[in-house]
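Visitor: Could you take me on a close look at a single part of this model, the sheet, and then at what lies in the nonpolar cores? I would like the cut-offs along the way.

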Amino acid sequence: MSNKSEITIGKTLRMLLTLIWKLDKAYFFILVFASLATASNTIFNLFIPKILINGFEWGWKADEFVIAILALAAAKYVLLQLRAFSGRQESIHQHLLQEKVPMAFAKKVMSIDYANLEDAKVLDLKERAIFPVTTYGALLQLLSSAVEFLASLFTITTVASILVSFSPLFTLAVFVLTVIALLLSARFMKVMKDVTENLIPINRRYGYYIETASAPSFQKDYRIYGMHQVMTRKINEYTNEIYNWLNNIYVVQGNTDSIQALLTGITRFITYSYVALRVLSSRFGMQITLGDFSIIVGAAESFGNAFRGVVMNLITAGQAVSYLKPFFQFMSIPDTAEKSGTAKPEPLQTLAFENVTFSYPNTDRIVLDNISFEIHRGEKISIVGLNNAGKSTIVKLICRLFEPDSGRILWNGTDIRQFDYDAYIDMLSCVFQDFQLFPFTVRENIDTEYARLNQADNSEGVWKVLDDVGLRAAIEALPGKIDTYMDKSLYEDASDFSGGQKQKIAIARSIYKKADLVILDEPTAALDPLAESEVYEHFNELTRSKTTIFISHRMSSSIFCDRILLLQDGRIAAFDSHENLMKGDNLYRELFETQARNYRN
């Protein structure tokens, strides 16, 4: 990954605001509304005692007090309702964004080049990117800080004008004491930031071990090999490390809170003393009323709180943006579609590798070394070779999961990188070694157009392909038939399928897609030899009129293929028919005869 993906805090903030605007435009209006509602309540509270005290001094009668109290109560009720409404909306939209942002992240993961997902640096960035959002809660922290920041800013604007009109010197004294308290808070926030940055990788490892300890797939091995003891020791080591870091935080926090409490006491003593003197005498300035006393004392308290709120929430927001920096660094990785061409591929006539060389990211080993070959429409090709010979790499290059280091892959003579990515992928149908079925119904796993676009029902076609792969009877026996879900951990009425059945469903999905090129990378790895033979006996019919590439450790596919591409040490050792290769002295013949002897034995 290029260093160009490095981004500044300012760019991170701009990207964040752009993302929030894209995901939920209404949030910005709710943010301002919630802030104004909170500030209005705070300011209104300052004037309530002044109004009632002035009424007493002015000699209000009982009925006038009742009217004033009722009016104040009604106004307060309206403000509280507005605050409650804005608070609910703020909370709803914050949690909505908390859900939408990981969805945007998941979409990004599915949009970038597949090669990035096999790059250790990108994978590490991916983990560091999502952790602050899903585990640390940096996004919610930022959104909450934004509301409190604006509310404090609106409040301080009003109360500062009240205090300055009372006494600029007094306002300066309150300001200085508040700044000193803030410097202590800033020191604590820095400690928090440093600790959090150190804790993120520790907490990530701790979370991994906790998740692994409870994962069903590990339970048999824990019991057989007693690895639960090692896992417990690892978890305890990280628990103790986290405890030590947190203990340091609490010590610093305790010291900071004590000094701040002292400063708060001094500020209140100065405030009450000076304002009381102004009530009792005009020696230190124009004499004020008891009503003025109440509003100035309240304004001084609110000023300190609001000023701290502005600064602390600004610091908190800055920290949250800093934590989110890896997230937007990952989000800035170019999408595959951004590098896509515009040409539309025609039906396949020829597919050719022209002097293709390839090595995986961050490795020096050449997997494919200047290879060239060509296959033609309707041919069935088997790619064979020893482990790590580059068989699956050829498939990944054809599927544009990786790009060659040098050379070209040509579809009807055109470099595949010149094609529109989606249009090109529509021409391919693949079953990979590590294929995945989704927690949907059987029908949705096979008819992906129906699943994605909710297109017209084509159950007849689904049943046809299930029949072709020998699964019709098994699916018909299910209560939900092709609408049976495939994941019992999510749906109670789902059905468990064997590894072989899942493999056949994956093959059915690849055949159902109306693609020009079918690629089967170890398609029968989960099947026994008899079941594999049964699948291959039908393959001529299943892939009729389609160009097909088979990759298999077993040689069953080779007999049905027109030509065999033999890979050895990253180069093409042979490209000929089964009959011709069996006549010579080569690796293919050795592999075929060795496997045949093993099956006979």
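Guide: The open sheet has 4 strands in the order E2-E1-E4-E5, with antiparallel pairing; strands are DSSP E runs of at least two residues, helices are H or I runs of at least four, both numbered from the N terminus, and two strands pair if DSSP finds at least two bridges between them. At the edges, pairing on one side only, are strand E2 (368–376) and strand E5 (414–415). Strand E4 (residues 406–411) runs antiparallel to E5 and is joined to it by 2 bridges; Leu410 has Asp415 of E5 as its bridge partner. Helix H11 (residues 391–398) packs on this sheet, touching strand E1 (350–358), E2 and E4, where contact means heavy atoms within 4.5 Å. The direction of H11 makes about 115° with that of E1, using lines fitted to C-alpha atoms, for helices over the stretch in contact, with angles from 0 to 180 degrees between N-to-C directions.

A word on the source: this is a predicted model, in which local features need pLDDT of at least 70 and side-chain atom pairs count only at pLDDT 80 or more, while totals for chains, interfaces and linings use all residues. Residues are numbered from 1 along each chain as its sequence is written, and side-chain values use heavy atoms, leaving out hydrogens and water.

Now the cores: a nonpolar core is a set of buried Ala, Val, Leu, Ile, Met, Phe, Trp, Tyr and Cys residues joined through side-chain atoms within 4.5 Å, buried being under 20% relative accessible area with a 1.4 Å probe, protein chains only. In the largest, of 35 residues, Phe105, Phe327, Phe328 and Phe330 touch the most other members. Helix H5 (138–166) gives the largest share, 6 residues. A second, separate core of 34 residues includes Leu401 and Ile416.

Conventions
Buried < 20%, exposed > 50% of the residue type's maximum accessible area, 1.4 Å probe, protein only.
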